Amino acid sequence: MGPSEMTALRRRARAAYERGRLRLALPLALAGAAPALVALLTWDRPWTTAGCFLAVYALLAYCLWRGGGASRGATSGLIAGSIPVLALAIIGPFGHFCGVGGVCMATCVPVCFGGGVAAGAFLAWRGLRAQQGAGFWIAAGLVGAATAAMACVPVGLGATAGLVVGLALAAVPGSVIAARG
């Protein structure tokens, strides 16, 4: 077997390996459907939720396919981003439904902000505890924000801004500490 045949064999083996990783990642990325289902059952903005879910699915699939810190970050981001989704779903049975009049400014924006802070704190704790690198922080931030957007984008710009500020308040210092350490 000559050098060119070995190179071709290595390429085919690598391609088979990557296809196998992708076949594993695609069904696992469907985990992003859980917060999407909660969001769909909570308020009546199916197109917004569907768009956010597609972003979450694509990000999760890519990060799970790549593996390493990106995979750990994406998984952590999905968990963290589900916090604001669940928080808004929990307040519904207590007589508040997002999208009804001006009540959202008084209720949903603080809930999105608080959910963002909790999500960011979770990411900071998870990333610092395991001393994760940049791949973790980028994937966690993107997947976390896209997942949480399923809840906060349908509520409005104020809730989305609150979510972003909340996430940043808790997660950015953690990523800076991780970068220095």
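This is a predicted model: local features need pLDDT of at least 70, side-chain atom pairs count only at pLDDT 80 or more; totals for chains, interfaces and linings use all residues.
A search of the whole structure finds one salt bridge.

Both partners belong to helix α1, which covers residues 3-28. E18 and R14 are four residues apart, or about one turn of the helix. An α-helix has 3.6 residues a turn, so residues three or four places apart point the same way. The two ends of the pair fall into separate accessibility classes: E18 has 16% relative accessibility and counts as buried, while R14, at 48%, counts as partly exposed. E18 is classed as buried because its value is under the 20% cut-off. R14 is not classed as exposed because that would take a value over 50%.

## Overall fold

The protein has eight helices and zero strands. Along the sequence the pattern reads α-α-α-α-α-α-α-α.

Of the 181 residues, 40% count as buried. Among contacts with a separation of 6 or more, 77% are between residues 24 or more positions apart. The accessible surface of the protein is about 9500 Å², and carbon and sulfur atoms account for 71% of that area.

## Helix α3 and its cover

Helix α3 runs over residues 46-66, 21 residues in total. From the first C-alpha to the last, α3 reaches 30 Å, close to the 30 Å expected at 1.5 Å a residue. Just after α3, G67 takes a positive phi of about 80°.

Which residues of α3 are buried? They are T49, C52, F53, V56, L60, A61, C63 and L64. The cover over these buried residues includes α1, α2 (33-42), α4 (68-91) and α7 (134-155). Helix α1, part of that cover, is also the helix that holds E18 and R14.

## Nonpolar surface patch

F113, V117, V165 and L169 make a nonpolar surface patch of about 310 Å². Two helices, α6 (108-129) and α8 (157-180), each supply at least two residues of the patch.

L169 is placed in helix α8. Is L169 buried or exposed? L169 has a relative accessible area of 52% and is exposed, because the class begins over 50%.

Conventions
Residues are numbered from 1 along each chain as its sequence is written. Side-chain values use heavy atoms; hydrogens and water are left out. Patches are made of residues with over 30% relative accessible area and no salt bridge: like charges are joined within 9 Å, nonpolar side chains (Val, Leu, Ile, Met, Phe, Trp, Tyr) within 5 Å. Accessible areas come from the Shrake-Rupley method with a 1.4 Å probe; for residues, only the protein chains shown count as cover. A salt bridge is a side-chain nitrogen of Lys or Arg within 4 Å of a carboxyl oxygen of Asp or Glu. Buried means under 20% relative accessible area, exposed over 50%, partly exposed in between (1.4 Å probe, protein chains only). Contact means heavy atoms within 4.5 Å. The expected span of a helix is 1.5 Å times one less than its number of residues.
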